[in-house]
Amino acid sequence: FKSVGLPFDESQYRKLFGLRFKEMMNELAPGATPDVQKQIRKSKAEYYKDSLNLVKKNDDLLDTLANAKGTFKTALVTTASRDNVHNLLSYFQIPLDTFDAIIVGEDVSQGKPNPECYLKALSALGVEAKEACTYEDSEVGVAAAKAAGTKVVRVKI
C-alpha cells in the first residue's frame, strides 16, 4: 500500500482476512484503479515470498493432520494462490501428500464466504458434509464451511 501511496489499516485488514484479493481490495481501497490493485498484488506476492519466516506454523494442527493420515481423508482449502501454498508448504517442509486434496483460490469461481471451495473439497474427498469437520482460521472461512454443512472448529492464528 505504501508503494502506491495508499494508507493501510491493519485492523481492517485482519477483519477481512480470508477474503479473495479483489474483495479485500474493494474494502481496503475502494477507489483504487485496476492498475493500482495490480501493483499492490505484485508487491504483496513479492513480500509474501520473502516473508515466510513471519508465518506462524500451527504444530498442533499439523499433529492432528499427521494422526489423521490413513484414518481420515484431509483437504487443504484456502483462498491463497497455488504458488503461495506450494511455497509455504515447502518452507515448512510439509509434503503435498499430507493432504488427500488441495483446493486453492484458482480452483473456484467464488471465494469465501461462498461454500464453493468446501463443496469442491468434499466432492474431491468423496465425503458427505455431515461427516466432515473443518478447521478454519477466518470468519469468512467459518461462514463458508458452515454454509457447506460441515462441523467447524475455529483455529486461532
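Arg-14 and Glu-10 stand 4 residues apart in helix α1, and are therefore separated by about one helical turn; helices here are DSSP runs of H or I with at least four residues, strands are runs of E with at least two, and both are numbered from the N terminus. The side chains of Arg-14 and Glu-10 meet in a salt bridge, at 2.8 Å from N to O, the term standing for a side-chain nitrogen of Lys or Arg within 4 Å of a carboxyl oxygen of Asp or Glu. Arg-14 is exposed, with a relative accessible area of 57%, whereas Glu-10, at 43%, counts as partly exposed; buried means under 20% relative accessible area, exposed over 50%, and partly exposed in between, with a 1.4 Å probe and protein chains only. Helix α1, residues 10–15, also holds Lys-15, which is exposed at 68% relative accessibility.

The model is a predicted one, in which local features need pLDDT of at least 70 and side-chain atom pairs count only at pLDDT 80 or more, while totals for chains, interfaces and linings use all residues. Residues are numbered from 1 along each chain as its sequence is written, and side-chain values use heavy atoms, with hydrogens and water left out.

Asp-107 and Arg-82 form one of them, at 2.6 Å from N to O; because Asp-107 lies in the loop between β2 (101–103) and α6 (116–125) and Arg-82 in helix α5 (residues 82–91), the pair ties together parts that are 25 residues apart in sequence. Arg-82 is partly exposed, at 33% relative accessibility. The side chains of Glu-136 and Lys-112 meet in another, at 2.7 Å from N to O. Here Glu-136 belongs to strand β3 (residues 133–136) and Lys-112 to the loop between β2 and α6, so this pair ties together parts that are 24 residues apart in sequence. Glu-136 is buried, with a relative accessible area of 3%, and Lys-112 counts as buried at 8%.

Which residues make up the largest nonpolar core? This core has 12 residues, namely Phe-1, Leu-16, Leu-19, Phe-21, Met-24, Met-25, Leu-28, Ala-29, Ala-32, Val-36, Ile-40 and Val-140, where a nonpolar core is a set of buried Ala, Val, Leu, Ile, Met, Phe, Trp, Tyr and Cys residues joined through side-chain atoms within 4.5 Å. The elements that give two or more residues to this core are α2 (21–28) and α3 (34–50), and the largest share, 4 residues, comes from α2. Apart from this core lies another, of 9 residues, including Val-108, Cys-117, Ala-145 and Ala-148.

Cys-117 is buried, with a relative accessible area of 4%, while Cys-133 is partly exposed at 42%. With a disulfide taken as a pair of cysteine sulfur atoms within 2.5 Å, the count comes to 0 disulfides.

At its start, a side-chain oxygen of Asn-58 reaches to within 3.3 Å of the backbone nitrogen of Asp-60, and α4 is followed by Gly-70, whose phi is positive, near 90 degrees.

Definitions and conventions. A polar contact is a pair of N or O atoms within 3.5 Å; within protein, one must be able to donate a hydrogen and the other to accept it, and residues adjacent in sequence count only if both atoms are side-chain atoms.
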